[in-house]
Amino acid sequence: MRDWNQILTEWFTAAIADISALLHYDIEVNSIHIGQVPPERITDLLGGNDDLAVGIYQRLPVGTGGRIMIAYRLKIAHMMLESLFGDNIVPSKSLTEVRQSAICEVGNLIMKSFITVVMDALGLGLKPSLPVILVDSVESITGIASEEITPNNDTVFTIDAELQLNGKSSTEKFIVMVCGNLMKASFEMVAEPV
């Protein structure tokens, strides 16, 4: 039986591979560390209430009662999109819309990878609907997570990943919030507190 460390590592590796294929650019995961944090640390880990973040919210199909939010700083999305758009393009309204669409597509891939790995680990063949992709303040994203997921000390994971992108190595943080119903599923959680 797989534990949450294995599930999150497998998911993150699959998500980065999917994003690399979408961007036609090789993003490498040099290292990954899974931990857990209390929910009150989420805001600081994402940069503070007024910083911008990407939140990917998903309700799982009826029967699981599951809800998930994956969040990361907007700068990570921009860093990935620079490989697609280049960083010397003059911003315009149409480019902003294209970037927003690309951020949503990357978010869809991230959640699709997560759902595939988790549903496989649970032995469920359920197909969820498309996730909701939010680009908003950290305060708004954590507010939605608090209302919809009610994160607690056992349900908030951090992923610290060293990524190799555009010839630069960068350590980035991803937050994964999973509702208690999903945690009560048939596997044991062993991620170490940070």
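Figure 1. Leaving aside neighbours within four places in sequence, Glu172 is in contact (heavy atoms within 4.5 Å) with Lys75, Ile76, Met79, Ile159, Asp160, Ala161 and Leu163. The residue belongs to strand S6, residues 168-178; helices (H or I, at least four residues) and strands (E, at least two) are DSSP runs, numbered from the N terminus. Glu172 counts as buried because its relative accessibility is 3%; buried means under 20% relative accessible area, exposed over 50%, and partly exposed in between, with a 1.4 Å probe and protein chains only. Two polar contacts involve its side chain: one of 3.3 Å to the side chain of Lys75 and one of 2.3 Å to the side chain of Ser170. A polar contact is a pair of N or O atoms within 3.5 Å; within protein, one must be able to donate a hydrogen and the other to accept it, and residues adjacent in sequence count only if both atoms are side-chain atoms. This is a predicted model, in which local features need pLDDT of at least 70 and side-chain atom pairs count only at pLDDT 80 or more, while totals for chains, interfaces and linings use all residues. Residues are numbered from 1 along each chain as its sequence is written, and side-chain values use heavy atoms, with hydrogens and water left out.

**Figure 2. The chain as a whole.** The secondary structure comprises 6 helices and 7 strands, arranged along the sequence in the pattern α-β-α-β-β-α-α-β-α-β-β-α-β. Of the 194 residues in the chain, 46% are buried. Among contacts between residues at least 6 apart in sequence, 76% join residues at least 24 apart.

**Figure 3. The largest nonpolar core, with Trp11 and Phe114.** A nonpolar core is a set of buried Ala, Val, Leu, Ile, Met, Phe, Trp, Tyr and Cys residues joined through side-chain atoms within 4.5 Å. The largest such core has 61 residues, and those with the most contacts inside it are Trp11 and Phe114. Helix H4, residues 93-122, gives the most to this core, with 11 residues. Residues up to four places away in sequence not counted, Phe114 touches Trp4, Leu8, Trp11, Ile68, Ile70, Val176 and Val178. In soluble globular proteins, nonpolar side chains tend to be buried together.

Figure 4. Helix H1, residues 4-23, has 20 residues and reaches 28 Å from its first C-alpha to its last, close to the 28 Å expected at 1.5 Å a residue; the expected span is 1.5 Å times one less than the number of residues. Its buried residues are Trp4, Ile7, Leu8, Trp11, Phe12, Ala15, Ile16, Ile19, Ser20 and Leu23. At the start of the helix, a side-chain oxygen of Asp3 comes within 2.9 Å of the backbone nitrogen of Asn5. After H1 comes His24, with a positive phi near 55 degrees.

Figure 5. Strand S2 spans residues 52-59 and is largely enclosed by the rest of the structure, because 6 of its 8 residues are buried. Two strands pair if DSSP finds at least two bridges between them. S2 runs antiparallel to strand S4 (residues 132-137), to which 6 bridges join it, and Tyr57 has Val132 as its bridge partner in S4. S2 also runs antiparallel to strand S3 (residues 67-73), here through 7 bridges, and Gln58 has Ile68 as its bridge partner in S3.

**Figure 6. Thr43 and Glu139, brought together from separate parts of the sequence.** These residues are 96 apart in sequence and 7.0 Å apart in space, C-alpha to C-alpha. Thr43 lies in helix H2, residues 42-45, and counts as buried at 18% relative accessibility. Residues up to four places away in sequence not counted, Thr43 touches Gly48, Asn49, Val138 and Thr142. Glu139 is found in helix H5 and is partly exposed, with a relative accessible area of 46%.

Figure 7. Thr150 lies in the loop between helix H5 (138-148) and strand S5 (156-165). Its phi is near 50 degrees, a positive value in a residue other than glycine, and at 55% relative accessibility Thr150 counts as exposed. Cys104 is partly exposed at 24% relative accessibility, whereas Cys179 is buried at 1%. The structure holds 0 disulfides, a disulfide being a pair of cysteine sulfur atoms within 2.5 Å.
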